[in-house]
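Open the model in your viewer and keep the selection panel at hand. The tour below goes from one selection to the next.

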Amino acid sequence: MKYISTRGQMSEKSFTEVLLMGLAPDGGLAIPKTIPQIDSDLLNQWQTLSYPELALAIFQLFIDDIPTDDLSALVHRAYSKKRFRTDDITPLRYLDDNTAILGLSNGPTLAFKDIAMQMIGELFEYVLNKNNQRLNIIGATSGDTGSAAEHAMIGKSHINVFMLSPHGRMSPFQQAQMFGLNEPNIVNIAVKGVFDDCQDIVKAINADADFKEKYHIGAVNSINWARILAQVVYYFKGYFAAKNKHRGKTISFCVPSGNFGNIYAGFIAKQMGLPINKLIVATNENNVLNEFFDNYKYNIRPPEKVYETSSPSMDIGKASNFERYVYHIIGGDSKKLADLWQQVEKTGYFDLSAYANKITDSGFISGQSRHQDRLATIKETFATAKDIIDPHTADGVYVARQLQKSNKLDGLVICLETALPAKFEETINEALGQIPPRPTGYENIENTDKYVTVVDNDADIVKTIVENKG
Ligand SMILES: *Cc1c(COP(=O)(O)O)cnc(C)c1O
């Protein structure tokens, strides 16, 4: 399998090459040259595989430069009961006959990002070790990416992590998970700004080719192709878990979305031939994506127009993975794609009404929630199913319910649980008047020392921190 850039100016690369790359040199994102196709025979064979076996089967279709035995060892290390507290890795549970929750948040930091990040940690260490290379990972997080990345890189001898987060915008639990780490290879940097400012600093550093080369800069944020690939697996796993119970029913996935990485993985699964009915993009008050699927206009928000919400991991004004989807919609025309993104940079806007049919055919629908909707959904889910869901997951459940009620969605909908409620106690308390239980081992994590540097919104300051360490 070879990889190309959405903007068309990168020579073909192998999987391990794009693994260690942030943005492509032409400013685009890496994508596979073709999408492998799964027929119904293979789907049937995969039905009974364990999570790591299924992951291996899928990865092998996209990775041809890591020997199978090695890849198998990495996959089994990443997806173990020890790390995810369950053999299923992503267990499925039901709220009612037509609504299920796919538990993606049983990893070390209690959010779905662990699933990709645990695998990335193994892949990075393997490849760097083999090539005798080092990597300085610079990432931006609104909360969950950062802690998932840091926890996946603890003890990895070839890797430093420099993680930027918006100062004062993460929950106390999220802050504790990151800033509580006192590890020689982990550096927490709190930027005075919002998430998009952090992301812009990462982009600015990656745009400095000399610096990037000299300091071996890499990425773990959701533009990294390997993260998308790792996330493809649980769409298959969730589908298989539901299929036997629902003969004849369609199966859709509802995904609380921010940077469009999670749901884009579902789109890859669908393109591979997994019979997904609808892919539902659920946003919060920061509804750039919901607007797009409503009227085909992509209207990004500058950082100062991004609301601070009770589902903070979805507080984004532009969705970095969206470019990969648009590339598909415009038929792989990388010249046009580069023009569209140039237009966005200039005017903050583009219009794909001309592609309305293609967008509809791609299977996406969307919806959004407000704070009160999420609270009501958390309350209702607790009352009717004795199940406490986090505010991000509640966003998805709310959107799914709205679509079900208005008959825009039939069959089974699998809502992705993107975090555990323990990470967002304040909002749960607001909804239920009680604090959700914490998993064993997480009882007192706020009571540790904090290791973090607060800086102004300035890429040069961050560069200096990297230079001093690297
Ligand atoms: C990252 C995250 C999201 C958004 O996922 P994207 O891949 O950015 O669309 C939603 N919920 C939680 C809890 C997250 O951590």
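Start with threonine 448, which is partly exposed at a relative accessible area of 38%; partly exposed is the range between buried, under 20%, and exposed, over 50%, with a 1.4 Å probe and protein chains only. The model is a predicted one, in which local features need pLDDT of at least 70 and side-chain atom pairs count only at pLDDT 80 or more, while totals for chains, interfaces and linings use all residues. Residues are numbered from 1 along each chain as its sequence is written, and side-chain values use heavy atoms, with hydrogens and water left out.

Threonine 448 belongs to the loop between helix 19 (425-432) and strand 15 (453-455). Helices (H or I, at least four residues) and strands (E, at least two) are DSSP runs, numbered from the N terminus.

Next, select glutamate 323 in helix 14 (residues 322-329). Is glutamate 323 buried or exposed? Glutamate 323 is buried, with a relative accessible area of 4%. Its side chain makes a polar contact of 2.7 Å with the side chain of threonine 6. A polar contact is a pair of N or O atoms within 3.5 Å; within protein, one must be able to donate a hydrogen and the other to accept it, and residues adjacent in sequence count only if both atoms are side-chain atoms.

Two loop residues come next. Most residues other than glycine have a negative phi. Arginine 85, in the loop between helix 5 (81-84) and strand 3 (92-96), has a positive phi near 60°. Asparagine 132 also has a positive phi, near 50°, and lies in the loop between helix 6 (113-131) and strand 5 (135-140). Arginine 85 is partly exposed at 39% relative accessibility, whereas asparagine 132 is exposed at 66%.

Finish at the ligand. A polar backbone atom of phenylalanine 260 is 3.0 Å from a ligand oxygen atom. For threonine 418, select the side chain: one of its polar atoms lies 2.9 Å from a nitrogen atom of the ligand.
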